[in-house]
Amino acid sequence: MKKMKNCVVTKRELLDLIDRKIGEGKEVIAPAKQENQANFKRIKSTREILWEGPQTVIPPKAFLFPQEEELMEYEVNDEIKVKVKVEGKPIILLGIHPCDMNGTTLLDKVFAENNLDEHYLKKREFVTIIGAECLVPCSTESFCYRKESVLPLEGFDLFLTDMGKNFFVEVGSKKGKSLISKIARKTTPSDAKKLRKIRRVRDNLFDKEQRKLKPKLEDLPKLLRENYDSPVWDEHGSRCFNCGSCNMVCPTCYCFDVRDYMELNLKRGNRTRFWDGCLLTDFTKVASGEIFREGRGARLRHRTNRKDWYLFEKWERSFCTGCGRCGKACLTKIVDPLDIENELYDRWKR
Amino acid sequence: MKKPKVGFFEFTCCEGCQLTVLSLGDKLLDLFESVDIVNFREASSYKGQDYEIAFIEGSISTSKDIERIKEIRARAKICVALGACAHLGGVNAIRNFQRQSDVRWRTYGDKAWLFDSILAQPIDAVIKVDHVIPECPIDKKEFLRATASILLGKKPFIPDYPVCVDCKMKANVCLFHKPNPIACMGPVTRAGCGAVCPSVGNACEGCRGLIPDPNLSAWEEVLKEHGLSIEDILKFYHMYNGLMGVRR
């Protein structure tokens, strides 16, 4: 993405602008309170937005890669008629945290690799992402600072940093630029200085509050490669439900299952995809009934290796953004990649 | 194509699964167009005996049931267990964990000698079952999809993963994580219900049965951490899954 000029807007003007868009019928989705946690909801007013956390239960990937998505409909008569469903609608995703923007950027790469996933890409085309910088940790589980994910790489249209009365705005696309063209003003050297200070304070705070990652980030693939047979996997695995919660809530887990459903008349049917996850026992079950990744530890290892070894090496970036959702969701507290990696590291060094 | 003949049969149960079929609305007409229903007590007094597919609900709980279900099996090409009672023994099996003479007396009073009731069993304890449509009562959408699969000669898709998947897909706050946590059987129970109970704040009680490889020790550990006693945990099991491990 080509870097565009940053700017400054007053908070009031930006929020009024969004509220006007909502009034005109624009679908704006933002994190809002849900019981003692949060979730993405279509908001009626920007006052509903929960800017600082807690983290939403599931990441914004659900708006690009829905839990259940019909890919095609078909009709089987004398001839077979197929209607592929590639649909998108214009929505604004607002208040997205950097971990989730980075997660989305990684999904963008994956779904555009080799066979273009037109279902994802069509939705992506219509989505406007307005991110918001986190200045306090959203939860005790998050460790984004350790995964170099406190700032977004790319993949946003606008990225806001709270500077008191104003937002400092990084502009990531023409779509973002045109959205705020009427209210944006040029940045001054003092804005830039203020931003640097805010980020320095934030870095110190996150460094103090978030759990440490003992190995170096760039050494994770090596750590995992050399600990493929570590007893840690089965020790953690023995308390794994294989419930797949870690997969479902992960901003970078993108596996899906495809099922065909016929109607009772056996003439019409649809092909639908559903979120799937490598922690689920039948993820590797084949038609003849064999499961070729047996063992809870082996499945847990596979997920961790995907995040910080296989995909890390392939795309040169960790596929764990440190959002902390899996660690929160896991009832037996066995899945958190940072915990696992620290444990591997401690035992490995001995 | 000739319409396959279908019968619905009930053993010990509330017949709520048959009522679920009757409440399919427009889709019920689709069902009538796709199959020829020859036996369906909740809907018709006609009792045809020439069916190819038998949908069977209820648990086996008298010795007469055993004879009757064997006759159904002998006539039908395909037997489908419908709902938790047929699939798991259901709530009827709670009696199996009580003194049988007490249970009979409590139910039938001084007429108890008239009833030859036996321990409640799922139907696959007596006959070979080809397919299972789980839940208490069955889910309409799953029934329609499973029936279409059976008509196509395919195995219906019934998930083997836990309810947590459905719950996360709904973006629910986990019951264990609410300000006042609620103990839930979701982590060891088969999904497919759309997490219907947790979504309204009620614990999953396991009506779709345990998944094939439930991590029960981990689940019991979590419940104990939440202050539940062994008795509380047993109550969870006995609600729908008291017969696990006893079956076949």
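## Local features in chains A and B

Pro54(A) sits in the loop between β3 (37–42) and β4 (68–76) of chain A, where helices (H or I, at least four residues) and strands (E, at least two) are DSSP runs numbered from the N terminus. This is a predicted model, in which local features need pLDDT of at least 70, side-chain atom pairs count only at pLDDT 80 or more, and totals for chains, interfaces and linings use all residues. Residues are numbered from 1 along each chain as its sequence is written, chains are lettered from A and ligands numbered from 1 in the order in which they are written, and side-chain values use heavy atoms, leaving out hydrogens and water.

**Cis peptide bonds**

- The bond from Gly53(A) to Pro54(A) is cis, with omega near 5°.
- Cys136(B) and Pro137(B) are also joined by a cis peptide bond, with omega about -10°.
- Pro137(B) belongs to the loop between β7 (131–133) and α6 of chain B.

**Helix α6 of chain B**

- This helix (residues 140–152) has 13 residues and reaches 18 Å from its first C-alpha to its last, close to the 18 Å expected at 1.5 Å a residue; the expected span is 1.5 Å times one less than the number of residues.
- Gly153(B) follows the helix and has a positive phi, near 85°.
- Several α6(B) residues are buried, among them Phe143(B), Leu144(B) and Ile150(B). Buried means under 20% relative accessible area, exposed over 50%, and partly exposed in between (1.4 Å probe, protein chains only).

- Leu266(A) is not a glycine, yet its phi is positive, about 55°.
- You can find Leu266(A) in the loop between β11 (256–262) and β12 (268–275) of chain A, and it is buried, with a relative accessible area of 18%.
- Lys333(A), another residue that is not a glycine, has a positive phi of about 55°.
- Lys333(A) lies in the loop between α10 (325–329) and α11 (337–349) of chain A and is partly exposed, at 48% relative accessible area.

**A nonpolar surface patch**

- Val76(A), Ile80(A), Val82(A) and Val84(A) form a nonpolar patch on the surface, with about 330 Å² of accessible area together (Shrake-Rupley method, 1.4 Å probe; for residues, only the protein chains shown count as cover).
- Patch residues have over 30% relative accessible area and no salt bridge; like charges are joined within 9 Å, and nonpolar side chains (Val, Leu, Ile, Met, Phe, Trp, Tyr) within 5 Å. A salt bridge is a side-chain nitrogen of Lys or Arg within 4 Å of a carboxyl oxygen of Asp or Glu.
- Strand β5 (residues 80–84) of chain A gives the most to the patch, with three residues.
- Ile80(A) lies in this strand and is exposed, with a relative accessible area of 60%.
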